Amino acid sequence: MNKIICFIILSLLISPAIYAGESLSKSNMETDPVILDKENLNSPFGVLEFLHWNHSWNNYKYSCGLDLEKAASLMQEAGVGWVRVDFLWQDIEPQEGNFDFVKYDCIVQVLRSKGIHILGILHYSADWASSCGEWNCPPKDNKLFINYTNKVIQRYKDQVKYWELWNEPDSSTYWKEQDGLKSYCVLLKEVYAAAKQIDPECKILNGGIANGMSSINKLYDNGAKDYFDILNIHFFENPLNPGSIKAVESYPKLAYKIMRRNGDGDKKIWITEIGCPGVKRGLKVGRWWMGKNPTEGQQARWLKDVYTQLLKDPQVEKIFWAFFRDTKNHWNNGVDYFGMVRWGFSRKPSFYAYQECFRKWFLEHRKKNVIINPGR
């Protein structure tokens with residue numbers, strides 16, 4: 001009888017570790033965001049999701065009601081530890097001096113209640129402050145932009161510690177006109193100094209680099225070395241092309257060579273956008289920018305390959321899959337199907353592939369921690 005009792009007790013003690021992938025043991029996920037907060041801080045598993053989209057141009061993708069809660073719960077279930085979220089200047093300061101944080105207070109509260117960490121993107125230009133009157137031009141006066149970033153960082157400094165300045169500033173889609181990142185690096189330096197005054201513990205990432213090694217070199221050529229804490233890069237490959245996973249593996253290695261050459265070898269790399277479409281068989285959908293659309297099954301296999309291979313690189317600290325949820329008639333091609341869940345929130349095969357990768361990482365991570373900290 002004693003042996004049976006001991007076996008039952010041992011099973012109960014072991015089972016949370018074995019089944020931790022069931023959302024970090026579902027009891028913890030539902031009831032203890034403090035535990036999740038600590039676990040997720042070191043997690044490499046992130047997603048890009050447009051949680052701020054509640055506009056006509058994106059089909060009102062999210063509100064602060066059921067859709068946002070549902071997305072956050074599914075993220076928690078998948079094992080998402082980090083979400084890359086826009087803190088859009090136009091939303092927050094629609095007119096100069098008039099700040100509205102209601103939407104973003106809600107987003108931050110919902111995510112933090114699930115123990116999910118936030119990488120906040122500070123961008124694009126508000127209409128009234130743009131140098132050309134459009135969202136994708138730099139501000140006409142950097143002081144206006146810094147006033148907005150100061151207000152955001154001050155408001156959320158106890159909840160958000162990681163901030164990214166702009167998205168893909170080396171792309172003419174998101175920064176007009178291109179000047180070899182010169183004007184961007186001036187803004188980066190000014191925002192970095194102001195942010196550290198408000199919250200010395202915060203970490204600043206450069207805007208995700210979209211155009212390869214030449215853009216990383218330009219960051220250093222323009223003197224930005226001491227004005228970002230983590231190198232932030234974006235890259236995409238089509239899994240249907242031969243050798244695509246080798247290309248993915250090589251990209252951060254090449255980036256790190258540039259970092260080391262510039263005396264920045266102590267910094268980590270975050271890949272804040274990587275992904276591909278996952279289109280249900282039979283749907284007629286226009287091709288994405290890299291060619292033929294992968295199926296949902298091919299997307300799942302690609303996601304697994306990406307996380308498996310990139311997590312072997314000691315310099316790669318976090319990987320953000322783009323996107324978490326499909327969009328609806330926004331791009332009108334395969335990009336609308338980048339999500340791990342469909343527009344209606346049903347789970348794709350890639351959702352389960354992400355969950356499986358997370359479970360494997362979590363069990364290995366927990367095992368290492370138990371060995372290092374046997375009294376835990």
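Which residue forms a salt bridge with Asp-326? The partner is Lys-348, and the closest N and O atoms of the two residues are 3.0 Å apart; a salt bridge here is a side-chain nitrogen of Lys or Arg within 4 Å of a carboxyl oxygen of Asp or Glu. This is a predicted model, in which local features need pLDDT of at least 70 and side-chain atom pairs count only at pLDDT 80 or more, while totals for chains, interfaces and linings use all residues. Residues are numbered from 1 along each chain as its sequence is written, and side-chain values use heavy atoms, with hydrogens and water left out.

**Overall build**

- The protein chain contains 12 helices and eight strands, taken as DSSP runs (helices H or I of at least four residues, strands E of at least two) and numbered from the N terminus.
- Of the 376 residues in the protein chain, 53% are buried, where buried means under 20% relative accessible area, exposed over 50%, and partly exposed in between (1.4 Å probe, protein chains only).
- Among contacts in the protein chain with a separation of 6 or more, 72% join residues 24 or more positions apart, a contact being heavy atoms within 4.5 Å.

**Salt bridges**

- A search of the whole structure finds 16 salt bridges.
- One of them pairs Glu-164 with Arg-84, with the closest N and O atoms 2.7 Å apart; this pair links distant parts of the chain, since Glu-164 is in strand β4 (residues 162–165) and Arg-84 in strand β2 (residues 82–88), 80 residues apart.
- Glu-164 counts as buried because its relative accessibility is 0%, and Arg-84 is likewise buried, with a relative accessible area of 1%.
- Arg-84, Glu-164 and Glu-273 are linked in a network of salt bridges.
- Asp-264 forms a salt bridge with Lys-267, the closest N and O atoms being 3.0 Å apart; Asp-264 is buried at 5% relative accessibility, and Lys-267 is buried at 13%.
- Asp-326 is buried, with a relative accessible area of 3%, and Lys-348 is buried at 1% relative accessibility.

**Surface charge**

- Arg-281, Arg-287, Lys-292 and Arg-301 gather in a patch of positive charge on the surface; such patches are made of residues with over 30% relative accessible area and no salt bridge, with like charges joined within 9 Å.
- Within this patch, Arg-301 is found in helix α11 (residues 296–310) and counts as exposed because its relative accessibility is 51%.

How values were computed: Patch = residues over 30% accessible without salt bridge, like charges linked within 9 Å, V, L, I, M, F, W, Y side chains within 5 Å. Areas by Shrake-Rupley, 256 points an atom, 1.4 Å probe, with all protein chains shown as cover. Lys, Arg positive; Asp, Glu negative; His and termini not counted. Charge placed at Lys NZ, Arg CZ, Asp CG, Glu CD.
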